[in-house]
Structure formats: C-alpha cells, structure tokens
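Colleague: Can you take me through the charged side chains in this one? I have the model open.

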Amino acid sequence: MRMQLLALLADGPAHGYELKQELEQLLGAAYPQPNVGQIYVTLGRLEKSGLIEGEEVAQSSRPNKKIYRLTAAGQEALRAWFEDTADEPRVRDEFFMKLALAPRTGLADQITLINKQRREYLNTMRTLSKLAATENRDNRTAHLLIEGAMLHLQADLDWLERCQEEIEELEERR
C-alpha cells in the first residue's frame, strides 16, 4: 500500500480518509477495500521514512486533521517504483507446495486437493462476474482489474487441469 499512497499523493495533498476514498473509487469493489487504520499506519511509516510530510490543519467543528504531501524523496521513490518491473513468478505458489508434498505425508489426496481448489477458483470467478455486471461501467480501471483477475483465474483453472492430467497419467503407469 506504500506505493499506492505515494502515487495518490503525487496528485496533490490529502488526508488519510480522502486517500481511502480515492483508492476505492479508482479500483472499485473487486479490490480489497483498504482499512482506514491501515492507511494511517502506512502514512505514519512513510512520514518517518521521509517520503511524505504531514501538516496539522485546524478545523472549527471537528478535531484537527493531518494533510500529507509528497516529498522530493517520495517522488524519487515513486519514480523508481514506476521504472521497476514486476517480477512475480509463481514458483512459490502455496497450493502447488501442498500438491507436491501431499503424497509424502499421506494426509491429503492430490486429486481431492485439485478439485477443492478448482471449486474455489470457480466460486471466485462467479463472484467477479457478478461484480463486473454491477460495477460502474465508466470505471474502466475497475473493469480492467476484474478482467485481469478473471484471466488469471482461467489460467489457474487450465493449469489445475494440466496437473490433474499429469497425476492421473502417473497413477496409470504405476
């Protein structure tokens, strides 16, 4: 969440609740809604590290609020983040570890694991499809997020099918 908050602050000063609303509006309901407490904790850490600075602003009928601004160091960190590529290979996949280790433990059946995971992916796909139908059509960012998640899920479903075929082929050879 650090870099997302820095990116929002690059557009101008804001307080934590405004940043929460901007994230929700930008990404829609498919993205896990940030907790305002988590946002303020992250803002505090960003301020301590010198990437943002906060200023107390007095309000007449409410408690003071703190407005945050991006510093030069924050802008540089944000620039570096945008220039860096995302290298997230899925070789440390938790499900695959379960699948690979299940035969050694005797505690889980690989095909049962695959079927359970498949049901989970299909349920998530249905949820995302419903979300896509109800999401504001003008929010292209949210629709692209949903579409990307659904494409990843479809690839995961195809991969599960491949895993099942491989396991069944190995069992036939035995």
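Colleague: How many salt bridges does the count come to?

Modeller: The count comes to seven, a salt bridge being a side-chain nitrogen of Lys or Arg within 4 Å of a carboxyl oxygen of Asp or Glu. This is a predicted model, where local features need pLDDT of at least 70, side-chain atom pairs count only at pLDDT 80 or more, and totals for chains, interfaces and linings use all residues. Residues are numbered from 1 along each chain as its sequence is written, and side-chain values use heavy atoms, with hydrogens and water left out.

Colleague: Which residue forms a salt bridge with glutamate 161?

Modeller: Arginine 118 does, with the closest N and O atoms 3.4 Å apart. The pair links distant parts of the chain, 43 residues apart: glutamate 161 is in helix α7 and arginine 118 in helix α6 (residues 110-134). Helices are DSSP runs of H or I, at least four residues, numbered from the N terminus.

Colleague: Is arginine 118 buried or exposed?

Modeller: Arginine 118 is buried, because its relative accessible area is 17%; buried means under 20%, exposed over 50%, and partly exposed in between, with a 1.4 Å probe and protein chains only. Glutamate 161 has 37%, so it is partly exposed.

Colleague: Where are arginine 162 and glutamate 166?

Modeller: Both lie in helix α7, four residues apart, about one turn of the helix.

Key:
Helix = DSSP H or I, 4+ residues; strand = E, 2+ residues; numbered from the N terminus.
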